[in-house]
Structure formats: C-alpha cells, structure tokens
Amino acid sequence: MRNILEMQKQLLPDLMEILKKRHTILHQIMLSDVIGRRTLALSLNMTERVLRAETDLLKAQGLIEIENIGMRISDSGRKLLEDMEPIVKEIFGLANLEEKIRKAFGLRKVVVIPGDWETSPLTKRELGLAGAKALLGAMRGGDVVAVTGGTTMAEVAEQLNPPANAAFKQNWFVPARGGLGESLEIQANTIASGMAKRVGAGYRLLHVPDLLGKEAYQSLVHDPNIQDIVSTIRQARIVVHGIGDATEMARRRKLDTAMIEDLQKDGAVAESFGYYFDKEGVVVHKMLTLGLRLEDIRKTDTVIGIAGGKSKAKAIHAVLQFGHEDILVTDEAAAMDIVSELEQKEKQQNSVI
C-alpha cells in the first residue's frame, strides 16, 4: 500500500491534497456530532463558498446529512472514515511517527492523531476518542481498570462508547490515586465512576486526598476500609493515565514555592502517578500518597498513557524513558517533537562514534 501511495503522490499530487481536504472536512463533522457550515469553515480556516462546494459533494455521495440545525455524518460516512484510517495515517505521515516512537521505546502500540491538543478543541475530542478505543481494545471480562484524573482522562471517559455486544459487568473501575482537590469533573473518582457507568461495569472510590502528611498517611494506611480499596487498586490489570508537566502539576497540588524550586533544580520535567521524572526518565521525587506505586505499575499487564500537545512533548518523552508504558496515545504536535528529539540524540551519538 505504501508503494502505491508514493506513486500517487508523485503522479497525482493534486489528488492527494483533495483527498486530505475532504477527509479532514468529513472527520471534523464526525467529531462535532452536528455543526454549522460557518462554524466548520472557521475551524478549518476555509471560506464558506469553498466549504459549501465540498459539503454538497459529500452529501451527494451520501456521506453526510445536512439539516436545519447543521451537518452530521451518515453511517456510510462513518464507515468510510474507519476504512480510510490506515491510508490516512500514511498520507499524513502519522504511521511513520507511530513506528519511530514504538521502536525507540519498545512499546506494544502507538496511536498518533492529527493536530495539536492545545490549539484545537476537536483534537482534544479525537485524542479522547483514540484513548477510549485503546482502552476498549485492551479490556476483557473481569478486569480491574485503574484510572488517573485530569482533563485528558475526562475526555477519554466522555468518548467511551463500547460496542453493543460488549460484556463488562464483571469489570471494576477504580481511581489510581486520591484526589487533587480540583474541579469535581476531572477527579479520578469521578472519571472512574463515569467510565464504569458507560460500559456497564462496577466501580469503587478512594475518598482521600492525593497529597498526605505523614500523620494523615499513617492514620489512613491502617484503616480497614482504605486497605480494602487500595488492595483492589493494586490488583489492576490495566492502568490508564495522563502525563503532566512537572511544574504545572506541582502547582496544581499546591506545593510550596521551595518544593517547586527543588523540583526544578532536580530537573523534573514530567509527573505521573504522583512521581516526578527528569528528562532521562529517572524519578527525582515522589509524593506521599495512597494508591498505585511504581512497583505496582511495573507489574501491571497493560499501561496506557494518553497525553497530547506540543508543550507536553518533553514530559511524555521523560515518562517513556522510564519505560513502563505499553500503549501510548498522543497527538501529532507532541509526536513530532518526540521524534525530533530522538533524531537529535541519534545524530549526537553518531558524531561521537
């Protein structure tokens, strides 16, 4: 398939551009559920006149439906997008990014979606959708699934729509750690319960703060109810987590200025599970908290990391360096920066040799 695509790029470059444009339009309509022509034109930086011509063609082909409230994708359009996915990844160069990252870090699977999480609301939704697909693809009956909090994970929960024949009644969703004391919608407890309801599974919650003092930790760690839920969390076969910038996460945890400065001095660039990593993937600080520990994560069968945005590239790279991921779901902006960093390191190594 790759050879055919290369020939088409050389002989029919205009055709490839048209295919990209129409795929992008159809894909954006799918992600939006229902969207007006003017709104879509603005999001695609396209004139309404040009967009009208394209959407009229898509409608004539039975790929979209146009109603008074806006445009929506048809069942035929949705199936076409699914069938086109491998081809589109080749055309956009995403398959190449996926393979480079997968090989570099020995991952089971890498999924790269087009765009930048930080600049496009639709990219945020697609990252959540890709993360949801990765989770559903890894789940089997009877699993315990541990999830972290954050805006990315909240989007994954929103997009979690299992097939009609899925049987997850014996599964359990649990929070990987305690709460950060932020908005309820992005707490790990909320996300775990939301995911469970969407797939018809059970859930258990951990009602403790993520950051604990020594006295509070000692008090809670011996509580029978806490011990019971923590035991369940540490039996998780699948862990799904976001990846954060170290300084941003330290501020979200309301760490004092001295602690944040110490993290920066130690070179912390990433945070995950309450652990802070430097650019080489070395743990430079860990929080005193209940829930999953690194030794638990190392024993977990499937660890799925989901994060996107150009500014997250260094953090994602650091966590990948640590080496406990199995599946990575990210966006094009972050993937390009990660691959660029890999290529620079390779050049440096070659120049030394």
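Because the model is predicted, local features need pLDDT of at least 70 and side-chain atom pairs count only at pLDDT 80 or more, while totals for chains, interfaces and linings use all residues. Residues are numbered from 1 along each chain as its sequence is written, and side-chain values use heavy atoms, with hydrogens and water left out.

Let me start with the domains. The protein is divided into domain 1, residues 1-90, and domain 2, residues 93-351; these bounds come from an automatic or database domain assignment. The centres of the two domains, taken over C-alpha atoms, are 32 Å apart. Nine residues from domain 1 and 11 residues from domain 2 make up the contact, where contact means heavy atoms within 4.5 Å.

Domain 1 and domain 2 bury about 870 Å² between them, and 50% of that area is on carbon and sulfur atoms. Buried area here is the accessible area, with a 1.4 Å probe, that two parts lose on being put together, summed over both.

Turning to polar interactions, nine residue pairs are in polar contact across the interface of domain 1 and domain 2, both residues being at pLDDT 80 or more. A polar contact is a pair of N or O atoms within 3.5 Å; within protein, one must be able to donate a hydrogen and the other to accept it, and residues adjacent in sequence count only if both atoms are side-chain atoms.

Helix 2 (13-32) and helix 5 (75-91) each supply at least two residues of the side of domain 1 that touches domain 2. The largest share of that side, five residues, comes from helix 2. Helices (H or I, at least four residues) and strands (E, at least two) are DSSP runs, numbered from the N terminus. By class, the side of domain 1 that touches domain 2 has two nonpolar, three polar and four charged residues. In this scheme Ala, Val, Leu, Ile, Met, Phe, Trp, Tyr, Cys and Pro count as nonpolar, Asp, Glu, Lys and Arg as charged, and the others, Gly among them, as polar.

I now come to the salt bridges. Side chains of opposite charge can pair when their charged atoms come close. The criterion is a side-chain nitrogen of Lys or Arg within 4 Å of a carboxyl oxygen of Asp or Glu. The structure holds 19 salt bridges, and the count between domain 1 and domain 2 is two. Arg-125 and Asp-33 form a salt bridge at 2.7 Å, N to O.

Glu-17 is partly exposed, at 48% relative accessible area, and Lys-20 is partly exposed at 24%. For these terms, buried means under 20% relative accessible area, exposed over 50%, and partly exposed in between, with a 1.4 Å probe and protein chains only.

In helix 5, Asp-83 and Lys-79 lie four residues apart, about one turn of the helix, and their side chains meet in a salt bridge at 2.9 Å, N to O.

What does the salt bridge between Arg-198 and Glu-158 tie together? Their N to O distance is 4.0 Å. Arg-198 lies in helix 9 (residues 188-199) and Glu-158 in helix 8 (residues 151-158), so the pair ties together parts that are 40 residues apart in sequence. Finally, Arg-234, Arg-293, Glu-295 and Asp-296 are linked in a network of salt bridges.

I close with the backbone. Asn-45 is not a glycine, yet has a positive phi of about 55°; its place is in the loop between helix 3 (37-43) and helix 4 (48-60). Phe-273, also not a glycine, has a positive phi of about 60° and is found in the loop between strand 9 (268-272) and strand 10 (275-278). Are these two residues buried or exposed? Asn-45 is exposed, with a relative accessible area of 75%, whereas Phe-273 is buried, at 3%.

Helix 15 (residues 313-322) is mostly covered, with eight of its 10 residues buried, including Ile-316, His-317 and Phe-322. Gly-323, whose phi is positive, near 95°, follows helix 15.
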